Amino acid sequence: MREKKVEQYDVVIIGGGSAGLTAGIYAGRTGLKTLIIEQALVGGLAINMNEIANYPGFPEGITGKGLMDLFYQQAKRFKVNFRLTDVQGVDLEEEIKKIRTYRDTYEAKVVIIASGGRPKVTGAKNEDQYLGKGITFCSVCDAAVNIGKVVVVIGSGDMAIEESLFLTKFADKVVLSATTDCDKIDCSDDLKNLALNNPKIEIRWNTIVNHFEGDTQLKKVVLKNLKTNELDAIGCNTCFEFIGYIPNTDIYKDIIHMTDKGYIITNENMETNIEGVYAIGDIRDKFLRQVVTCASDGAIASVHAEKYLLKNKAFKNKRMKVEKPSITFAYNSIEEDQSQLLEMIEKMELELKGQYFFYIIDIYKAKGLMEKLHIKKIPSVIISKNGTERQITELITEDRIKEIIAKM
Ligand SMILES: Cc1cc2nc3c(=O)[nH]c(=O)nc-3n(C[C@H](O)[C@H](O)[C@H](O)COP(=O)(O)OP(=O)(O)OC[C@H]3O[C@@H](n4cnc5c(N)ncnc54)[C@H](O)[C@@H]3O)c2cc1C
């Protein structure tokens with residue numbers, strides 16, 4: 001049996017959709033050794049779209065595949081590596097992260113999770129046949145082709161109602177299939193009232209999809225009443241399914257912070273709760289899931305990742321220098337009593353300028369550094385001089401620090 005290979009990268013991106021490819025372009029362009037791992041088709045969800053009409057720069061629109069091919073070529077131009085395989089597990093806590101696939105292991109200083117998600121489907125008969133041929137999951141993308149037409153919406157949560165209201169701006173009639181009675185509908189009261197009072201929306205209570213009908217294109221959605229078992233065939237141009245979305249986050253459960261629906265929580269730099277791990281695109285908790293916002297996420301994550309890598313490298317290089325001694329102060333900015341110590345250290349920095357390198361680390365913002373620098377306790381002062389190191393964790397005073405550095 002072939003032995004597992006181990007390859008090292010600066011950045012490994014999991015998922016080669018629009019978000020992952022953009023992150024690759026930005027990381028590759030700055031010279032970071034970058035790998036994108038994609039389990040299916042490079043381009044992701046977007047390659048299934050006949051037309052992307054709202055991505056800037058293409059006034060006539062472009063096919064999803066056409067757009068993703070351009071993203072791919074650009075990533076290749078910046079020497080991004082690709083592996084077509086499925087990431088099965090990750091170890092993200094250490095400074096060097098491990099990404100495991102069936103055949104090999106990849107090590108990276110930064111991991112960018114760009115694994116997207118998939119819309120939930122009804123599972124009704126003939127659904128597969130009409131996906132992308134009349135059945136869609138995206139009203140922003142497909143509303144405009146329904147001017148003056150009848151559309152069916154499957155779902156009755158907030159998203160389904162919001163999208164139905166949006167669709168009334170285009171379609172003449174929106175038939176909404178809800179699995180419950182009116183009093184049990186699972187959307188907010190405000191949205192329910194807006195839907196009930198909109199003359200273009202007709203709600204079929206207690207229904208599910210029995211099957212889909214058509215020729216090469218969807219023509220009818222056949223609903224079944226759960227109380228009477230009666231079938232109701234609704235002729236339509238498009239059926240929008242809004243019954244939920246499943247982020248591809250199973251392998252990150254209990255490692256990365258997520259919402260209760262499984263979307264990864266990030267800050268505006270796309271950082272997750274683990275240092276050096278970013279999440280971008282549809283997989284993260286955000287307001288608008290579109291190619292343009294995925295591209296934006298990817299750019300932000302890679303630029304931030306580059307800064308993170310530079311900071312880590314510069315910090316390590318400087319601190320390891322022996323010619324000049326250093327004083328590192330590690331504290332927690334949300335602990336009020338520690339800000340007085342910070343003032344004292346800043347005063348010392350001015351006084352000892354030129355004799356010592358001073359490093360001030362807020363552990364609240366950079367938790368990972370605590371382990372990396374072997375810091376035992378917060379606050380603490382670490383003095384490096386003449387090849388030796390002393391760590392002060394108790395009685396941190398100016399006099400004590402000066403006394404210790406004089407003896408070292
Ligand atoms: C029907 C429909 C129409 C749409 N139309 C438009 C439109 O017109 N305009 C627009 O801007 N947006 C549109 N969108 C939204 C847009 O497609 C998405 O926001 C975008 O494609 C998501 O990109 P992503 O990179 O985050 O995820 P994805 O494109 O889903 O890419 C994630 C990739 O990660 C891979 N992956 C997952 N798990 C693993 C693993 N464990 N190992 C390796 N690889 C993995 C997947 O195979 C996938 O290729 C539409 C969405 C839908 C559903």
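Helices (H or I, at least four residues) and strands (E, at least two) are DSSP runs, numbered here from the N terminus. Residues are numbered from 1 along each chain as its sequence is written. The model is predicted, and for that reason local features need pLDDT of at least 70 and side-chain atom pairs count only at pLDDT 80 or more, while totals for chains, interfaces and linings use all residues.

Around the ligand there is a shell of 36 residues, and the closest of them are Gly15, Gly17, Gly44, Gly116 and Gly281; a residue counts as near a molecule or strand if its C-beta atom, placed from the backbone, lies within 6 Å of it.

Domain 1 (5-119 + 245-314) and domain 2 (127-241) both give residues to the shell, so the ligand lies between them; the domain bounds come from an automatic or database domain assignment.

Elsewhere, Val277 is found in strand 17, residues 277-279. Val277 counts as buried because it has 25 C-beta neighbours inside 10 Å, where a residue is buried if 20 or more other C-beta atoms, placed from the backbone, lie within 10 Å of its own, exposed if 12 or fewer, and partly exposed in between. Leaving aside residues up to four places away in sequence, Val277 touches Leu92, Val111, Ile256 and Thr272, contact meaning that the C-beta atoms, placed from the backbone, lie within 7 Å.

Conventions. Contact = placed C-beta atoms within 7 Å.
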